[in-house]
Structures are given as C-alpha cells and as structure tokens.
Amino acid sequence: MKRYLAALAAIAALSGCGALPATGSPAGPQPTPSSDSGLGDSGKDSSSAESGKDSGDIPDPCTLLSDAEVKSLTGRGISQRDEDGAQAGDASRFCQWQQPDGQLAVFLARTTESDFEVKIAEAEPVDGVGEDAFSLAGHLYVLHGTVSIDVYSRGDSDEENIDKAKRIAKVLIPKI
C-alpha cells in the first residue's frame with residue numbers, strides 16, 4: 001500500500017505539472033471549456049445518484065463540483081476542465097480544473113480502511129474531515145467509507161492549499 005500511495009502521489013504530481021497527459025490517452029487531455037454561465041458543468045444531479053461511499057460505481061468527480069463551487073472554494077477562475085474519460089465501473093476517477101495561477105485536482109478510488117491506514121512516514125495527520133485523513137506532498141487524502149478522496153489544490157501557500165483541500169473534501173463527501 002505504501003508503494004500504491006507513493007505511486008498515486010507521483011502520478012498526481014506529474015499530471016498536475018503537465019508531465020503526463022491528464023486523461024492517460026495518447027491524445028492527451030480533452031479540455032472542457034467552462035464559463036460563468038455553467039455551460040462547462042455536466043448538468044447531472046449527483047444527489048439523485050446511488051451512493052458510492054461503500055459500494056457501487058465511483059462517481060465522476062467532474063459532476064460533483066459545479067464551476068461556481070470550484071471558483072468559490074479556490075478563489076480562482078477556471079480556464080479548462082480535464083476529465084478522465086473513464087467509464088462507469090472503473091476503480092478510480094479523476095477531474096482536474098486548470099486555473100490561472102493554480103489548479104484543483106480530485107482523485108477518487110476504492111480502498112479499505114486497513115489499506116488507507118498504511119501511511120508513508122512523511123504523511124501528516126489531518127483532523128476535522130472524513131473518517132481519517134492525512135496530507136502528503138501537497139495532497140489531502142481523506143477516507144470516506146471505502147472511497148479514498150485525494151484533493152490537490154495548488155496556487156497558494158502550502159497551508160492555504162491544504163485548508164482549501166479540506167473545505168473541498170467536506171463539500172465532496174455528502175455527494176459521494
């Protein structure tokens with residue numbers, strides 16, 4: 001599990017800095033334009049979907065936060081949204097919002113409590129969000145049932161980024 005977390009953090013960091021394609025496809029990221037009118041939103045009502053907390057499909061993170069929520073929670077506009085292109089039933093999902101002077105990325109994956117508790121030595125425990133949480137390399141990892149939520153917010157100081165990631169995770173949890 002330590003290798004899994006290290007690999008996940010490395011992949012997230014590389015995809016966040018543009019070293020890896022955001023979608024994992026040979027063509028690279030498929031940008032989705034966003035606007036203040038909400039046209040970049042999926043239009044899906046995630047509250048009517050079955051809960052993925054303990055079973056079922058991992059939800060598409062791009063449908064869990066509206067453009068207005070991303071702007072409000074990060075304090076930055078959105079220049080592009082990169083979707084994972086995954087299918088229902090895939091074991092992990094992600095969405096990235098590219099922002100002027102920053103970025104927000106949300107990764108969701110199925111896990112177990114025992115796997116989540118295997119932490120890398122440098123991980124810092126984080127209180128006040130989810131069933132368990134820790135931060136590592138700028139990412140906030142939160143356990144919610146059998147879902148690992150990885151929130152990466154970049155554009156402010158490290159402390160501010162983790163504070164924003166906590167607020168974002170608290171908004172995401174009831175929608176999963």
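This is a predicted model: local features need pLDDT of at least 70, side-chain atom pairs count only at pLDDT 80 or more; totals for chains, interfaces and linings use all residues.

Visitor: How many aromatic pairs does the count come to?
Guide: A pair of aromatic rings is described by the distance of the centres and the angle of the planes. Rings of Phe, Tyr and Trp (its six-membered ring) pair if their centres lie within 6.5 Å; planes under 30 degrees apart are stacked, over 60 edge-to-face, and the rest tilted. Here the count comes to three aromatic pairs. In F134 and Y141 the ring centres are 5.0 Å apart with planes at 20 degrees, so this pair is stacked. Residues are numbered from 1 along each chain as its sequence is written, and side-chain values use heavy atoms, leaving out hydrogens and water.

Visitor: Are F134 and Y141 buried or exposed?
Guide: Buried means under 20% relative accessible area, exposed over 50%, and partly exposed in between (1.4 Å probe, protein chains only). Both F134 and Y141 are buried. Of the 176 residues in the chain, 45% are buried.

Visitor: And where is D60?
Guide: Helices (H or I, at least four residues) and strands (E, at least two) are DSSP runs, numbered from the N terminus. D60 sits in the loop between β1 (31-32) and α2 (67-74). D60 counts as buried because its relative accessibility is 15%.

Visitor: What does the secondary structure of the chain come to?
Guide: Four helices and eight strands.
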